[in-house]
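Please read this report alongside the sequence and the model. It goes from terms to single residues and then to a whole chain.

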Amino acid sequence: MIKETALKYMGYTNQELDEGFLELLDACVEEVKEVAHFKATYVINEVEKPFTLKKYGIEIASQDLIQALDTCQEVAIVACTLGMAIDQRIRYYNATDMQKAIVFDAVASAYVEYCCNRYEDEVFGVHHSYRYAPGYGDIPLALNQDIYKLMNLHKKLGLSLDASSLFVPMKSMTGFVGLQMDKQEKSCGRCKQKPHCGFLKRGTTCYKKN
Amino acid sequence: MLQEKLGKQVLVFDGAMGTQLQNIGLQAGDIPEEYNITRKADMVKIHTSYLDAGADFITTNTFGCSPYKMADSSYALKDLIQHGIANAKVAKAQVNREVYIAYDMGPIGQLLEPMGTLSFDGAYQQFKAQVELAKDEVDAFIVETMTDIYEVKAAILAIKENCDLPIIVSMTFEENGRSLTGTDPLTFVNVVEGLGADVLGVNCSLGPKELMPIVKEILDVARIPMIVQPNAGLPCLEHGETHYHLTSEEYAMYAKQFIQMGVSIIGGCCGTTPEFIKEATNASQQGIHFTPAVKKTRVSSGSKTVTFDGQVVICGERLNPTGKKKLKQALLEGSFEEVIREAIRQQEAGADVLDVNVGVPGLDEAKVMVKVVKMLQEVMNVPLQIDSSSPEALEQACRYYNGRPLINSINAKPSVMKAILPIAKKYGGVVIGLTLADQIPLLASERVDLAKTMIQEAKTYGIHPKDVIIDCLTLTASAQQKEVQETLEAVRQMKALGHHTVLGVSNVSFGLPNRPLLNRTFLTMAMQAGLDLPIINPLDFELMSTIDAFNVITYQDKESVAYIERQANVTVEKTITTTKGKMATNMDALNLYSCIMRGLKDEVKTLTEVELQTKEPLDIVQEVVIPALNQVGEDYEKGIIFLPQLIQSAETTKLAFEVLQSKMQGEAKSKQGPIVMATVEGDIHDIGKNIVKVVLESYGYEVIDLGKNVPVQTVVDAFLQYKPKAIGLSALMTTTVVSMKKTIEALHQYDNVPPIMVGGAVLSQEIADEIGADYYGEDAMATVKIVQEIIK
């Protein structure tokens, strides 16, 4: 699962993989697991329609979110990170072995998704929606600015946010999870990246299709 | 006086502020510091409740008062701070005993380079602004909940350089025993003591039980008093809300235990209340148990500390341009990649610390030194030995170094000591003292005298004798054979006096054949005499093995663990050689072309040599390398191979070029270019730029990589200095495309600006046109084509 996702992030479309590459991929998975220090937190908000987080009193202008989480009463905002050591390792490989840097980076991205999925199942049970992250579809990435402050992510997870609304450590993310509801198929519907999306060009998507 | 009480009696700090504020209505997203103005009476009440519980210190409600964070507030920074202090003062005035106000400084809220974009100077200013506003009104500064030791350094310097108040520094550690940015307790203690803090300790993140091992680790090594402010247990998340479950009675038990262990100041963090502080006050009655740890010589990076504890500490000597043409050239050309690689090779070969010297005539040494130090600490964790004869370069490097450095060096000349010892004192540097004044004394006893002079002089600056390492000076056997013995004798005498010593080992063999043999023999004898810090070439396996063997024989390497680990590989290596032999036969079927296609990095050098037996280097480039690369590029575009495979081939080709270039003559030798590349200001995501760089280099182009988060002016300066044939800029997000535009505009103020190429996730041809770029490179291969068009 981790490897499959990582390969997708690297732009893999069924090319032939030699033994050396597969060994590198395995080694990166092991190393990411060893170096990562997964931490996560969440808050729960009641939702008022169309999409207002009651506790925080913020309204989110996102058709995708309204549609995806239409049936739920409560939404969790989940935030998580693999920690700074992963970034340090990525910097190291950027300076010493570019191929490994690419593979390691992709594996780390896949691993944070994997850990977060597992965390959600642990905390919310399996009956919850997919995670909808700022940046997905028409959910503004800048929403991270509010989430960061409201959830006090600097203190809770040691995150920091740049002006582009991207987190440091780099392998960190936030997302909305509808509670007590079924998973709905994701789509590229309103995604802003659509015109120049590398995944679409390669005939895949950035999310997992059922 | 507060200073006189520190470490002499147990003092009590207050408990949580945030928890109290939540109790009076603070909501998620509110700015707690605004309560200093809007809820003055409540704030005074909180302070008073802690004083009533017996606290000796109250902490101002200014944790988030960095100008960066408070930019969100509708109130001025000055007002937030001054009201915060005033509230504490009102509470203080109500009690009839000596209590203290500590100005609270938390993290800035923005990460420092290289993790984030904030510069060290920028961080310093964030703290200085607060120090200026608070220093005349408070009794001490507490810098707390810190997660980055580099940020701690900026805070301490900002306080020390602007006032004389006591400094308490408290860091936050995770359950794995490290701070979020990877600092371990030992490193924290070593760096913070070196910078001259008055109290150090831990707070937040964990409860007292979980903090116990970290507290012990710190007490074992700390020479200044320790503060502990635990949470009320581990934070528990229940339905998205954080709760703390430790009771004040349980806390009391731990508080007593901490004090018995030697903690000097006790307080509380998240979840603690005046009840807890009352217990702390009770616990403090038992009196102080603090004794400073034994002084040891230690140097640190931001995440690793090397202790001089009997084991030989290996210093890598290779980052020194003296006599190294390639390194000198690399420094002059600004191609720091080679410098970094040389450093990493030494680290991987087993160097414990690395000497860094960038002294090349015509270079701005201080500037280049800072640049190199920053680049090194970005990717590696061995502590650095900053090596320069320029006090300015030393000072600058020590300032921007993340850790506690070795400083190479002083000598017994008064002018030199006067210039450099204050730097060592200020930044906690462990200084190397060369036993020479106007000339090198011949006799051991004379060198020992000079050593004593230096140690004595260092003491007058407050530098501990253990923080001076004596270089007894290796003389060259071909010129001063008789005196080589004197060096060893001086080492013996220094050792007997309890001091550490250092020697540049390879000096001994200049001018004689089979230098490695002399180096090894001399090293063995010197280690036997007591040498602690040999400065050597860690890539010399035999020499390194000598140290391994020495550690076995002197019973330093218990059960020969390290020896077996390293030397067992020697046998393994032999097998590898045989396998490689087999590979060589297989390689007959393989040629350079398919080697590049398949990206076989291990074989490429040999295969290039094979080609060189029959062909000229340039012909190989034209007939083999370029066609192979073109095929790889085509395969990539058709989707036959994907990105990691493209990069593998590119890196393989770079290795082939290294071999070919060493065989080329004159003009053919020079690469095409240069091309200046940078990830623009505000952007730390540089993997895309690095990918393009590797591919361009595989085509034989010289790339000057300015790195990430590169200020506009740096790009302009590089344009003026290197006169590139093309400039490549990358940006990940729309926000940093703005920096890209600014960079392009700044460049266009000049004549003869080469074509500017841009790339990055959100870029497109339209955006490229809009911001005035000449080319849009969609990916690495597209960029190669652009460059081929530009540089025909």
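## Terms and source

Helices (H or I, at least four residues) and strands (E, at least two) are DSSP runs, numbered from the N terminus. This is a predicted model, in which local features need pLDDT of at least 70, side-chain atom pairs count only at pLDDT 80 or more, and totals for chains, interfaces and linings use all residues. Residues are numbered from 1 along each chain as its sequence is written, chains are lettered from A and ligands numbered from 1 in the order in which they are written, and side-chain values use heavy atoms, with hydrogens and water left out.

## Two buried loop residues in chain B

B:I771 sits in the loop between α31 (765-770) and β25 (775-776) of chain B. Its relative accessibility is 7%, so B:I771 counts as buried. Buried means under 20% relative accessible area, exposed means over 50%, and partly exposed lies in between (1.4 Å probe, protein chains only). Leaving out residues up to four places away in sequence, B:I771 touches B:V737, B:M740, B:K741, B:I744, B:V758 and B:L763. Contact here means heavy atoms within 4.5 Å. B:V758 is 13 residues from B:I771 along the chain, and their C-alpha atoms are separated by 9.7 Å.

B:S179 is in the loop between β5 (167-171) and α9 (185-194) of chain B. B:S179 is buried, with a relative accessible area of 4%. Not counting residues up to four places away in sequence, B:S179 touches B:T147, B:M171, B:T172, B:F173 and B:E174.

Strand β16 of chain B holds B:S409. A cis peptide bond joins B:N408 to B:S409, with omega about 20°. Another cis bond runs from B:G673 to B:P674, with omega near 0°. B:P674 lies in strand β21 (residues 672-679) of chain B.

B:H239 has phi near 50°. B:H239 lies in the loop between β8 (236-238) and β9 (241-243) of chain B. A:N14 has phi near 65°. A:N14 is in the loop between α1 (2-9) and α2 (19-35) of chain A, and at 69% relative accessibility A:N14 counts as exposed.

## Chain A as a whole

Chain A has 8 helices and 8 strands. Its radius of gyration is 17 Å, close to the 17 Å that the globule rule gives for 210 residues, so chain A is as compact as a globular protein of that length. The radius is taken over C-alpha atoms, and the rule is 2.2 Å times the number of residues to the power 0.38. Of the 210 residues of chain A, 58% count as buried. The C-alpha trace of chain A spans about 55 × 40 × 35 Å along its principal axes.

## Aromatic pairs

How many aromatic pairs does the structure hold over all chains? There are 20. Rings of Phe, Tyr and Trp (its six-membered ring) pair if their centres lie within 6.5 Å; planes under 30 degrees apart count as stacked, over 60 as edge-to-face and the rest as tilted. A:Y92 and A:Y93 form an edge-to-face pair, 5.5 Å centre to centre with 70° between the planes. Both A:Y92 and A:Y93 are buried.
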